[in-house]
Amino acid sequence: MNQGEKIHNLQRAGVVYVLLAHPWFKTFSISVFMTVFFAGYFYLLRHPAFPVHSIPATALDDAIAFQPAALPIYLSLWAYVSLPPALMTTNNAIVAYGFRIAALCLAGFTVFYFWPNAITPSVIDWNNHP
């Protein structure tokens, strides 16, 4: 086995080690965080504190048509949102990351609380996209 193969095997083992470090804590904390986030998000959507402002479509919005084939890219969100804590090796790092992300979420919620908004209804004919 040459030096390059040895380094490659060590790197691969390192990624596996990192991903498998604290699996129950990672799974629980990511799940709880996302549940709390979406509870707040859907609450704000259903109970706006102020009148909802309609955001008009831009020229770019009109230029880019709905593409069903792009849905897997959008859904990959669930993989890359969970990736940072999955790659952390200590519970303290995961908790610190959670507090930083919570601060970011609270900032977004605060803006949406005081300025609830919605996009104009789409003109997509959903019958063409079963």
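**View 1: F109, a buried ring.** F109 has a relative accessible area of 18%, so it counts as buried (under 20% relative accessible area; exposed is over 50% and partly exposed in between, using a 1.4 Å probe and protein chains only). This is a predicted model, where local features need pLDDT of at least 70, side-chain atom pairs count only at pLDDT 80 or more, and totals for chains, interfaces and linings use all residues. Residues are numbered from 1 along each chain as its sequence is written, and side-chain values use heavy atoms, with hydrogens and water left out.

**View 2: ring pairs and the F37–F109 stack.** Rings of Phe, Tyr and Trp (its six-membered ring) pair up if their centres lie within 6.5 Å; planes under 30 degrees apart are stacked, over 60 edge-to-face, and the rest tilted. That rule gives 10 aromatic pairs here. One of them is stacked: F37 and F109 sit 5.3 Å centre to centre, with 20 degrees between the planes. F37 belongs to helix 2 (residues 23–46) and F109 to helix 6 (residues 91–114), so this pair joins parts of the chain 72 residues apart. Helices here are DSSP runs (H or I, at least four residues), as are strands (E, at least two), numbered from the N terminus. F37 is partly exposed at 24% relative accessibility.

**View 3: F50 meets Y113 edge-to-face.** Their ring centres are 5.8 Å apart and the planes make 85 degrees. F50 comes from the loop between helix 2 and strand 1 (53–55) and Y113 from helix 6, so the contact ties together parts 63 residues apart in sequence. F50 is partly exposed at 37%, and Y113, at 38%, is partly exposed too.

**View 4: a ring cluster.** F37, F38, Y41, F42, W78 and F109 are linked by ring pairs.
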